[in-house]
Amino acid sequence: MNVVLVGPPGAGKGTQAQRLQETYGLRHLSTGDMLRAEVAGGTAIGKQAKAIMERGELVPDAILINMIAERIGQPDAAKGFLLDGFPRTVAQAEALDTTLSARKQRLDHVIQLVVDNDAMVERISGRFSCKKCGAGYHDSFRPTKKAGVCDACGSTEMVRRPDDKPETVRTRLAAYDKQTAPLLPYYRRQGVLREVDGMAPIDTVARLLGNLIDAA
Ligand code: ADP
Ligand code: ADP
Ligand code: ZN
């Protein structure tokens, strides 16, 4: 099964994708994580993307389209994938359709996490993750069980993203409304769009997503 999660920054895409990967064995593919790895590795793509990401704008389509086409072709994605953060423009969605149909694959669900954009600044301001294993947390909504210690791996090194500052979050939310929201009618026309209440508590959202996927 191939699934896309859509929603503005802070909607809960990464949080839910981590869980769905565990429960359903779908490979979680986050283009944000891939780009951050390129930046950390100082690659040519990373050098091009770094300043754009710091401003909260979108990295050029051509870079992302190549990155995902290559990634989806790898064996670990063959049993099914869960895209988080891609596509983010209609051009990316069209390119994804082309890549998938060439491989005789398709999208089963495009799931929109429906949220109130005004609540996203608070969500993102409290976001942090484990440097070692990537598990995601929130200061108020999803704290670690023991302060400063990762529930999943016991590491005490936690990180916050440089683009999670309130000013940058506003730019990212505006980019979502202008460049990414047009995906919703695109996928609705294809009959693959599903909606889930992303304002519900994390466990409830996980249950709603599970119901959708189980029903397929
Ligand atoms: P995205 O990947 O869509 O940008 P994340 O999954 O990283 O969003 O979630 C953003 C922050 O909000 C994280 O700190 C996460 O723990 C928290 N969070 C995610 N889903 C919910 C929810 N349903 N209710 C409250 N907080 C949430
Ligand atoms: P979030 O879900 O919190 O908005 P991501 O981790 O998905 O953040 O993305 C972080 C940044 O990486 C984005 O603000 C953007 O600059 C870049 N990025 C990630 N995915 C894409 C994409 N599909 N197209 C263009 N830029 C992207
Ligand atoms: Zn950890």
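This is a predicted model: local features need pLDDT of at least 70, side-chain atom pairs count only at pLDDT 80 or more; totals for chains, interfaces and linings use all residues.
**Stop 1: ligand 1**

Select ligand 1 and display the residues around it. There are 18 of them, and those that come nearest are Lys13, Thr15, Arg127, Tyr137 and Ala200. Begin with Thr15, where a polar side-chain atom lies 2.5 Å from an oxygen atom of the ligand. Next, show the backbone of Gly14: one of its polar atoms is 2.9 Å from an oxygen atom of ligand 1. At Gly12, a backbone N or O atom lies 3.0 Å from an oxygen atom of ligand 1. Taken on its own, ligand 1 has 560 Å² of accessible area, and the protein covers 91% of it.

Now colour the secondary structure. Helix 1, residues 13-24, and strand 6, residues 136-138, each supply at least two residues of the shell around ligand 1. The largest share, three residues, comes from helix 1. Colouring by residue class divides this shell into eight nonpolar, six polar and four charged residues.

**Stop 2: the zinc ion, ligand 3**

Select the zinc ion (ligand 3) and show the side chains of Cys130, Cys133, Cys150 and Cys153. Their SG atoms are the protein donors, lying 2.3 to 2.4 Å from the ion. The angles among the four donor atoms run from 103 to 115°, and the site is tetrahedral. For reference, the ideal angle for four tetrahedral donors is 109.5 degrees. Along the sequence, the donor residues follow the spacing C-x2-C-x16-C-x2-C.

What does the pair Cys133 and Cys153 tie together? Cys133 lies in the loop between strand 5 (127-130) and strand 6, while Cys153 lies in the loop between strand 6 and strand 7 (158-159), so the pair ties together parts that are 20 residues apart in sequence. With a surface displayed, examine both residues. Cys133 is partly exposed, at a relative accessible area of 40%. Cys153 is also partly exposed, at 30%.

**Stop 3: ligand 2**

Move to ligand 2 and select its shell of 19 residues, of which Thr31, Glu57, Gly85, Arg88 and Arg172 are the closest. At Thr31, a polar side-chain atom lies 2.8 Å from a nitrogen atom of the ligand. At Gly85, a polar backbone atom is 2.9 Å from a nitrogen atom of ligand 2. Arg36 approaches an oxygen atom of ligand 2 instead, with a polar side-chain atom 2.9 Å away. The protein covers 97% of the 560 Å² of accessible area that ligand 2 has on its own.

Highlight helix 2, residues 31-41, which gives the most to the shell around ligand 2, with four residues. By class, the shell around ligand 2 consists of seven nonpolar, four polar and eight charged residues.

**Stop 4: two backbone features**

Select Phe86 and Pro87 and show their backbone atoms. The peptide bond that joins Phe86 to Pro87 is cis, with omega near -5°. Pro87 belongs to the loop between strand 3 (81-84) and helix 5 (90-102).

Then follow helix 5 to the loop that separates helix 5 from strand 4 (109-114), where Lys104 is found. Lys104 is not a glycine, yet has a positive phi of about 55°. Is Lys104 buried or exposed? At 77% relative accessibility, Lys104 counts as exposed.

**Stop 5: Arg71 and Asp76**

Select Arg71 in helix 4, which spans residues 61-72. The side chain of Arg71 makes a polar contact with the side chain of Asp76, at 2.8 Å. Arg71 has a relative accessible area of 16% and is therefore buried, since buried means under 20%.

**Stop 6**

Finally, return to helix 5 and select Thr98. Thr98 is exposed, with a relative accessible area of 53%.

Key
Residues are numbered from 1 along each chain as its sequence is written. Chains are lettered from A and ligands numbered from 1 in the order in which they are written. Side-chain values use heavy atoms; hydrogens and water are left out. A residue is near a molecule or strand if one of its heavy atoms lies within 4 Å of it. A polar contact is a pair of N or O atoms within 3.5 Å; within protein, one must be able to donate a hydrogen and the other to accept it, and residues adjacent in sequence count only if both atoms are side-chain atoms. Accessible areas come from the Shrake-Rupley method with a 1.4 Å probe; for residues, only the protein chains shown count as cover. Ala, Val, Leu, Ile, Met, Phe, Trp, Tyr, Cys and Pro count as nonpolar, Asp, Glu, Lys and Arg as charged, and the others, Gly among them, as polar. Donors are N, O and S atoms within 2.8 Å of the metal (3.2 Å for Na, K and Ca); water is not among the atoms, so sites may look incomplete. Four donors count as tetrahedral if all angles lie between 85 and 135 degrees; four count as square planar and six as octahedral if opposite donors are over 155 degrees apart and all others between 65 and 115; anything else is irregular. Buried means under 20% relative accessible area, exposed over 50%, partly exposed in between (1.4 Å probe, protein chains only).
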